[in-house]
Amino acid sequence: MNARRDSLRNPAPMPGFDAPRWRRDFPILRQQVHGKPLVYLDNAATSQKPQAVIDAVADYYEKLNANVHRGVHQLSELATAAYEGAREKLRGFINAASLKEIIFVRGATEAINLVAQSYGRSRFQGGDEIILSEMEHHSNIVPWQLLREQMGAVLKIVPITDAGELEPGAYEKLFTSRTRLVALAHVSNALGSINPVKKMIAHAHQHGVPVLLDGAQAVPHLPVNVRDMDCDFYAFSGHKMFGPTGIGVLYAKEALLAEMPPYQGGGDMIRTVRFTGSTWNELPHKFEAGTPNIAGTIGLGAAVDYLESIGMLSIQNYEQALLEYGTQRLQTVKNLKLVGTARHKAGVLSFVMEGIHPHDIGSIVDQEGVAIRTGHHCAMPVMEHFRIPATARASLAFYNTREDIDALVQALEKVREVFH
Amino acid sequence: MDLKELYKDVIVDHNRSPRNFRKIPDATRIQEGFNPLCGDKLTVYLKLDGERISDLSFEGSGCAISVASASLMSERLKGKTVMEAQQLFDRMHALLTREDTDSDLESLGKLAVLSGVREYPSRVKCASLCWHTLKNVLEHPGNPPVSTE
């Protein structure tokens, strides 16, 4: 302990987690930006890809490329086995009961649109109510607004506190006999808040209301167990969990999927097609029209293998310690205010600096090699709540280190220098 | 490229104390501009005396680049004619977006400091918002807000 010169700079020992070792698996992180080593702190926007994922995608195109579920030839069978093998990996990763419950989509956005257009449109009537929260990403607002226009559905919003938590007691009060669905972020992308989803799901189920969770910011950072949470729908994106872009997953309980009409029509999702009418393929294929993103799916499977080799619980614990360190370090920057101070938070550090616009912060720290996001983070209602046009946001992944946080803090001092 | 090229002293100064940052109560024309990507918002107030711009001001919130650009614009165009303002728009548009450098950068005076923005493609819209808003109010008074996305 005596070796620790400065308790603030080294607030607590990091758990035994070898971040630099994992970081070496990410070739992109070795590069320089503006002549400075890249410090990548924009993981909530998209994560970087380990060599294992890059290799899996390249291997597919080099050795396996063929269409799936169609040919009798060897390559098609190998490609199908790899594609369906990835489905099994995803099933295990979130502990779904059945492969039928894993639908491959383009990302969390498409997953939510699928639920809105298939489940919502076939089940809801004018005046039916959907409960959302004020901290939702636009992708969990706009699909429901489209449904409002189409069906006359009513959106009810759980407000947030100035700490960025759901207002206590407000959620329960929104339920009525017309409530048909709750659609909620598991983890907020703009604030980092982790919502008490298990309790909220149990409450919704008491009213017979199913719950959709937007898990885009949760799956890469903490263990997700859909059966333990008992959520009805769970949406997430591959590219935020170290997999390729353009691939994601909708998990839904089999009983719900069985009742839902197809979302898109085309090849692969049918059993028979006649001009008088067609019949649908079995689950999960009923919801996967057309040739899927085979390479992306296999790459996502490789990302799951990679994450499991590290362990999601270890990742969560490490990122928690790094978040605490980052929170303390940022608070030492003069005139900096954190936006989003929920008690339960994932590794998101949103902040504003007095008299300095977030875009100026972003451009200046970029010159120091530090990549952060600035803007409204596709969560304009959150910005409105805090009466700010934008924030700067540093978001963590397990390959980030204390040195990355230190580089950010140093770059923020540069920002203050420019604007003295 | 050095940071100082983007955040020159003139820009930092005009951001800290923007010139003509006020309403014009008897403005001839008022136009709002909006950059939805970053949330920059500004309102340009214009008072015309025939073909002459007798007063030009703005209000709003935005990054240093957008505030400084609007401040410099208002300073430069007060007392100029509508024709001169339109010509200056064309030059500023070229300065912010084109590779070839203005052969007569000096005659742009302080506005030349905005040339550094060209190296930062994501920031060009910040600098050009006020100019597009001005062009719109000169050519089509009474239009809906200008958007630079």
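This is a predicted model: local features need pLDDT of at least 70, side-chain atom pairs count only at pLDDT 80 or more; totals for chains, interfaces and linings use all residues.
Analyst: Residues are numbered from 1 along each chain as its sequence is written, and chains are lettered from A and ligands numbered from 1 in the order in which they are written.

User: Why is Pro20(A) called exposed?

Analyst: A residue is exposed if 12 or fewer other C-beta atoms, placed from the backbone, lie within 10 Å of its own, buried if there are 20 or more, and partly exposed in between. Pro20(A) has 10 such neighbours inside 10 Å, so Pro20(A) counts as exposed. Pro20(A) belongs to helix H1 (residues 19–23) of chain A. Its C-alpha atom is separated by 7.5 Å from that of Thr401(A), 381 residues apart along the chain.

User: Is Met83(B) buried or exposed, and what makes it so?

Analyst: With 10 other C-beta atoms within 10 Å, Met83(B) is exposed. This residue lies in helix H4 (residues 82–97) of chain B. Between the C-alpha atoms of Met83(B) and Leu138(B), 55 residues apart along the chain, the separation is 9.4 Å.

User: Why is chain A called as compact as a globular protein of its length?

Analyst: The globule rule is 2.2 Å times the number of residues to the power 0.38, and the radius of gyration is taken over C-alpha atoms. For 420 residues the rule gives 22 Å, and the radius of gyration of chain A is 22 Å, so chain A is as compact as a globular protein of that length. Of these 420 residues, 48% count as buried. Along its principal axes, the C-alpha trace of chain A spans about 75 × 55 × 35 Å.

User: How many helices and strands are there in chain A, and what makes a run count as one?

Analyst: Chain A has 14 helices and 17 strands. Helices (H or I, at least four residues) and strands (E, at least two) are DSSP runs, numbered from the N terminus.

User: What makes E13 and E14 of chain A paired strands?

Analyst: Two strands pair if DSSP finds at least two bridges between them. In E14(A), Ser350(A) is the bridge partner of Val339(A).

User: Which strands stand at the edges of the sheet, and why?

Analyst: The open sheet has 4 strands in the order E13-E14-E17-E16 (chain A), with antiparallel pairing. Strand E13 (336–339) and strand E16 (373–375) of chain A each have a single partner strand, so one side of each is left without a neighbour in the sheet.

User: How do you know that the domains of chain A touch?

Analyst: The domain bounds come from an automatic or database domain assignment, which gives domain 1 (19–30 + 311–419) and domain 2 (53–309). Two residues are in contact if their C-beta atoms, placed from the backbone, lie within 7 Å. In chain A, 21 residues of domain 1 are in contact with 21 residues of domain 2. H11(A) gives the most to the side of domain 1 that touches domain 2, with 5 residues.
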